[in-house]
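Please open the structure in the viewer and display it as a cartoon. The tour begins with the whole chain and then turns to selected side chains.

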Amino acid sequence: PLSDADLRTYLGPGGRLLRPHDLRLHVYHGGVEPGLRKVVWRYLLNVFPAGLSGQERLAHLRRKAGEYAALKALLAARAAPAELALVGAAVRKDVVRTDRGHPYFGGPEEGHPHLAALQALLTTFALGHPRLSYCQGMSDVAAPLLAVLDDEAQAFLCFC
């Protein structure tokens, strides 16, 4: 699996990713050490535009987090109550079935912050993509992203 030392061989001055194709091949053939997934998945899922330095990546994430918060609020405010209830109910069916044996999603359902974040992420996606909306199983893709990244906005970016 890709180690921290391996990852550094793909980075140049300022932490710029120099060989994205080679990084993808390395991960394809060997995977990623669990502790690096938070970093590497954002490269693999094209969260960052090409050529950003470490500082530029952090600024990009902050900007995208703000955009996500604004989009989430706008879509929730603009959606008709019936649409919001319909989408929310479809998402909720899967969210409550998320692997509750996983420590990130374990514990009581009521007021669980990670389940609420997963619900918000998927509802925002569905409202923002009305032709696709929500399909059963999307939570199975979004939940690991949220659990590893531990950030709703970044998980949304990766999910998209």
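Of the 160 residues of the protein, 39% count as buried. The model is predicted. In cartoon view, eight helices and zero strands are present, and the order along the sequence reads α-α-α-α-α-α-α-α. Viewed along the principal axes, the C-alpha atoms fill a box of roughly 50 × 35 × 25 Å.

Colouring by charge shows 18 positive and 15 negative charges, whose mean positions are 5 Å apart.

Return to the cartoon and show the aromatic side chains. The count of aromatic pairs is four. Select Y68 and F156: the ring centres are 4.7 Å apart and the planes meet at 40°, so this pair is tilted. Y68 belongs to helix α4 (residues 54-78) and F156 to helix α8 (residues 152-159), so the pair ties together parts 88 residues apart in sequence. Both Y68 and F156 are buried.

Now select F125 and F159. Their ring centres lie 4.9 Å apart with the planes at 85°, so the pair is edge-to-face. F125 is in helix α6 (residues 113-128) and F159 in helix α8, so parts 34 residues apart in sequence are tied together by this pair. F125 and F159 are both buried.

Finally, select R57 and F48. The charged end of R57 sits over the ring of F48, at 5.8 Å from the ring centre.

Note on methods: Residues are numbered from 1 along each chain as its sequence is written. This is a predicted model: local features need pLDDT of at least 70, side-chain atom pairs count only at pLDDT 80 or more; totals for chains, interfaces and linings use all residues. Side-chain values use heavy atoms; hydrogens and water are left out. Helices (H or I, at least four residues) and strands (E, at least two) are DSSP runs, numbered from the N terminus. Buried means under 20% relative accessible area, exposed over 50%, partly exposed in between (1.4 Å probe, protein chains only). Lys and Arg count as positive and Asp and Glu as negative; His and the chain ends are not counted. The place of a charge is taken as NZ of Lys, CZ of Arg, CG of Asp or CD of Glu. Rings of Phe, Tyr and Trp (its six-membered ring) pair if their centres lie within 6.5 Å; planes under 30 degrees apart count as stacked, over 60 as edge-to-face and the rest as tilted. A charge sits over a ring if NZ of Lys or CZ of Arg is within 6 Å of the ring centre and within 35 degrees of the ring normal.
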